[in-house]
Amino acid sequence: MPATKAKPAGKRSAKPAPASSKAIAAPKSYKPLDQERIKELLKRLNAAYPDPKCALTHRNAWELTVATILSAQCTDVRVNMVTPELFAKYPTPADLARIEPEMIEPDIRTTGFFRNKSKSIVGAARKVMSDFKGKVPDTMEELLTLPGVARKTANVVLGSWFGKAVGVVVDTHVYRLSRRLELTKSDSPVNIEQDLMKVIPQEKWIDFSHQLIWHGRKICFARKPDCAECPLENLCHAADKTWSTVPIHKTAKP
Ligand code: SF4
């Protein structure tokens, strides 16, 4: 099997080789969705992130819904800076349902896209009050009726608050890592979720997405992933690896 020039595992190269410049086609025998490979990936993710939790601060399903809407195109750290004051001013869906969206724009401005997010949050609060007696619903079908809530937000709320594995959260980290790890070739979040649901056992869906999110934040960065420190390194053939002991696959793109 052709390989990039191997370097000793666990040691950071003084000058990491640009692995992608040595990209080669994946050998025919390689099966990225092989059950043994998936098992090993999950085992290593469990070891690295044994108790993965949602990084968005929340005390109930409503706060998690709002925080997840705010997290679009924004870091969780930034969202967590904004939500305590927002929830102190407007603690319940009822409080947000009776105001106009413009009133919360200053509170959430720093999370970006604040006009749309204000409309979504107030719209969701009104829907929760009018259709669900003030309680965030716990089914995918009902959650998707809330303004600003698509499958990603619904999966976060269902998984992290209600403990229901209905789907896999596909955020920017899960998108990038599942493509680098060749768990999908799709490039739309909806199709990536479907692909992941086929290869990851359902009882792992909630933890798996949190683990990929943490891994994306700590090691598998969008630019210059820290491959020399990655516990998945010899299972990963991503085209943009910064360091590799295994062949690089030119189609394994983030
Ligand atoms: S080896 Fe590199 S590209 Fe692959 S998962 Fe780890 S950090 Fe990401």
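Leaving aside its neighbours within four places in sequence, which residues is Phe-113 in contact with? Point 5 gives the reply.

1. Basis of the note. This is a predicted model, in which local features need pLDDT of at least 70 and side-chain atom pairs count only at pLDDT 80 or more, while totals for chains, interfaces and linings use all residues. Residue numbers start from 1 along each chain, as its sequence is written.

2. Confidence. The mean pLDDT (the predictor's confidence in each residue, from 0 to 100) is 91 for the protein, and 89% of its residues reach 70 or more. Over residues 1-18 the pLDDT is below 50. Beyond near neighbours in sequence, that stretch has 26 contacts in the model. Two residues are in contact if their C-beta atoms, placed from the backbone, lie within 7 Å.

3. Overall make-up. The protein has 11 helices and zero strands, so its pattern along the sequence reads α-α-α-α-α-α-α-α-α-α-α. Helices (H or I, at least four residues) and strands (E, at least two) are DSSP runs, numbered from the N terminus. Of the 254 residues, 40% count as buried. A residue is buried if 20 or more other C-beta atoms lie within 10 Å of its own, exposed if 12 or fewer, and partly exposed in between, with C-beta atoms placed from the backbone. Among contacts with a separation of 6 or more, 59% are made by residues 24 or more positions apart.

4. Helix H3. This helix covers residues 76-89. At 1.5 Å a residue its 14 residues should span 20 Å, and because the end C-alpha atoms are 20 Å apart, the two values agree. The expected span is 1.5 Å times one less than the number of residues. H3 also has a kink of about 30° at Thr-83, shortly before the proline Pro-84. The bend at a residue is the angle between axes fitted to the seven residues ending there and the seven starting there. Thr-83 is one of the buried residues of H3, along with Val-79, Leu-86 and Phe-87. The buried residues of H3 pack against helix H2 (61-70) and helix H5 (105-108).

5. Phe-113 and Gln-73. Phe-113 is found in the loop between H5 and helix H6 (114-131). Leaving aside neighbours within four places in sequence, Phe-113 is in contact with Ala-72 and Gln-73. The C-alpha atoms of Phe-113 and Leu-70 are separated by 8.8 Å, although these residues are 43 residues apart along the chain. Phe-113 is partly exposed because 15 other C-beta atoms lie within 10 Å. Its contact partner Gln-73 lies in the loop between H2 and H3. Gln-73 counts as exposed because it has 10 C-beta neighbours inside 10 Å. Gln-73 has a positive phi of about 55° although it is not a glycine.

6. Lys-119. This residue lies in helix H6. Lys-119 counts as partly exposed, because it has 17 C-beta neighbours inside 10 Å. Leaving aside neighbours within four places in sequence, Lys-119 is in contact with Pro-101 and Pro-147. Lys-119 and Glu-105 are 14 residues apart in sequence, and their C-alpha atoms are 9.1 Å apart in space.

7. Helix H8. Is this helix mostly covered or mostly open? Helix H8 (residues 151-161) is mostly covered, with nine of its 11 residues buried. Those buried include Lys-152, Asn-155, Val-157 and Leu-158. What covers them includes H2, helix H7 (140-143), helix H10 (189-199) and H11. H8 is followed by Gly-163, whose phi is positive, near 70°.

8. Arg-223 is exposed because 7 other C-beta atoms lie within 10 Å. Lys-224 is exposed, with 9 other C-beta atoms within 10 Å. Lys-224 has a positive phi of about 55° although it is not a glycine. The C-alpha atoms of Arg-223 and Lys-241, 18 residues apart along the chain, are separated by 9.7 Å.

9. The ligand. Lys-241 is also one of the residues around the ligand. Others there include Arg-180, Asp-226, Glu-233, Cys-220, Cys-227, Cys-230 and Cys-236. By class, the shell has eight nonpolar, no polar and four charged residues. Here Ala, Val, Leu, Ile, Met, Phe, Trp, Tyr, Cys and Pro count as nonpolar, Asp, Glu, Lys and Arg as charged, and the others, Gly among them, as polar.

Terms used
A residue is near a molecule or strand if its C-beta atom, placed from the backbone, lies within 6 Å of it.
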